[in-house]
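Subject: Handover of a structure and summary of findings

Dear colleague,

Please find the structure below, followed by a summary of what was found in it.

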Amino acid sequence: MAPKNRDDNFMDVDSDSDISLLGDVDHRVKGKAKGKATDKRKKEKGKAKAKEQAYTWEASYTRSWDTVQEDEAGSLQGAVEDLMARGRRRRLLAPAAAIRRTIIRHLVLLLDLSAAMMDRDMRPTRFDLMLQYAREFVVEWFDQNPLGQIGVVGMRAGIGERIGEMSGNPQDVLKCLSDRTRLEPTGEPSLQNAIEMARSSMSHLPTHSSREILIIFGSLTTCDPGNIHDTLDACVKNKIRISVVALAAEMKITRDLCDKTGGQFGVAMNEGHFKDILFELVPPPAQRAVARAGGPGTNPAADLMMMGFPTRLPDSSPPSLCACHSDMKSEGFLCPRCMAKVCDVPTDCDICGLMIVSSPHLARSYHHLFPVKPYEAVTALREGGSEPAAGCHACARIFSTSASTVAASEGISSWGRYRCPDCRNDFCTECDVFVHDVIHCCPGCGK
């Protein structure tokens, strides 16, 4: 019998050997390696495509870390100070001309308490960040406007909810903003219901005071029972100024509310920008000129109003009932007209209706009408041949003798010196900001 043709590439099926098929193993290994290489190329291609096709909203962000440069010693402290100084000086370059403003302000704070405020695009959530900044805003607002009053209204579940009554005491306003469980977000907001509630609470106010509404809005929808444009026309008729700080995006109705009433509108890009546009509403707004038929706009006639300066009772005085809360207290203030006792000032007397203020409050409100002139950035040490001052006129800190790399064209002095245009004294950056933001009076000339 002829022998079988044997192929060297195959093993005999009768063999008891347990050696695996080498060809099959090599084929599987090559297939797996090829698959991994293909997946790796796909991932790298996807990453490159993602880098090339960036999101459009990323173009609006400034890569601040690219602008920070190290100094000769390898430190970033100088660059950080330059960025901080540029931001502070940008606020101080606003016009310092005397502008007619309303020093007795009434503001209703409208808070969005809808389910959209639980988003985490702002840390920890929009709701928590809004409450934090709202409390800081109230403290700063009363510090700059001690004769004003603030009320709080919430928007949730399609209705407007009164959270705090109009009050001139910052502690009362902060107390209604501190209860987080009472302000838990739910449902959809209603701009019309909230604005109508705020408008009705300011209908009795006199003409010499301002009527303002500040809306912090984080939703993209509003659930209104009627035509909100009718509410907008009523606000224009009642001379109510509406300002909106949006946390999500701009909507046409929110823009119309601000444009037609003369308010400000802003969309917060991040947490820092949210605080900046919110605190821009702390100073009192300028009064608009009234347009006359056939002629240019003219300012409204000034109205005289009656105020009373109370007598403060010491803590050792006999306890008596106050007219505002009917509480037995020793300390308080006596109305100069009817001698009724009130707890805090400024306020309106509950008995005779006289506005009771203290002289420091009136003086603090006065600085908005005549602000301190912006200091000039010193670009050269020797101007007119005079010897420059060695230290700051306010804090006596010695100035640096070497110039920094900050551009003077942005209103920043490369020598860290800022000069009062009236008394010609030099001040450092910290004292410059302190004079314009806190004391509102130049230490050199008293203006």
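How many helices and strands are there in the chain? There are 11 helices and 17 strands; helices (H or I, at least four residues) and strands (E, at least two) are DSSP runs, numbered from the N terminus.

Before the details, a note on the basis of the values. This is a predicted model, in which local features need pLDDT of at least 70 and side-chain atom pairs count only at pLDDT 80 or more, while totals for chains, interfaces and linings use all residues. Residues are numbered from 1 along each chain as its sequence is written, and side-chain values use heavy atoms, with hydrogens and water left out.

The chain as a whole

The chain has 447 residues, of which 36% count as buried (buried means under 20% relative accessible area, exposed over 50%, and partly exposed in between, with a 1.4 Å probe and protein chains only). Among the contacts in the chain with a separation of 6 or more, 66% are between residues 24 or more positions apart, where contact means heavy atoms within 4.5 Å.

The six-stranded sheet

An open sheet of 6 strands runs in the order β3-β2-β1-β4-β5-β6, with mixed pairing; two strands pair if DSSP finds at least two bridges between them. At the edges stand β3 (159-167) and β6 (265-267), and each has a single partner strand, so one side of each is left without a neighbour in the sheet. On average, neighbouring strands of this sheet are turned by 15° against each other, direction ignored. Helix α4 (residues 126-144) packs on the sheet and touches β1 (105-112), β2, β3 and β4 (210-217). The direction of α4 makes about 175° with that of β1; axes are lines fitted to C-alpha atoms, for helices over the stretch in contact, and angles run from 0 to 180 degrees between N-to-C directions.

Within the sheet, strand β2 (residues 149-156) pairs with β3 in the antiparallel sense over 6 bridges. In this pairing, V153 stands opposite R162 in β3.

Salt bridges

Side chains of opposite charge can pair when their charged atoms come close. The count of salt bridges comes to 16, a salt bridge being a side-chain nitrogen of Lys or Arg within 4 Å of a carboxyl oxygen of Asp or Glu.

One of them joins E196 and R199 (2.8 Å, N to O). Both residues lie in helix α6 (residues 191-201), 3 residues apart, about one turn of the helix. E196 is partly exposed at 26% relative accessibility, and R199 is partly exposed at 21%.

Salt bridges that share partners also join D119, D121 and R126 into one network. Within it, the side chains of D121 and R126 meet at 2.8 Å, N to O. Is each of these two residues buried or partly exposed? D121 counts as partly exposed, at 47% relative accessibility, whereas R126 counts as buried, at 7%.

A loop residue

S400 is found in the loop between β15 (376-377) and β16 (418-419). The relative accessible area of S400 is 41%, which means that this residue is partly exposed. The C-alpha atoms of S400 and R417 are separated by 9.2 Å, and the two residues are 17 residues apart along the chain.

With kind regards
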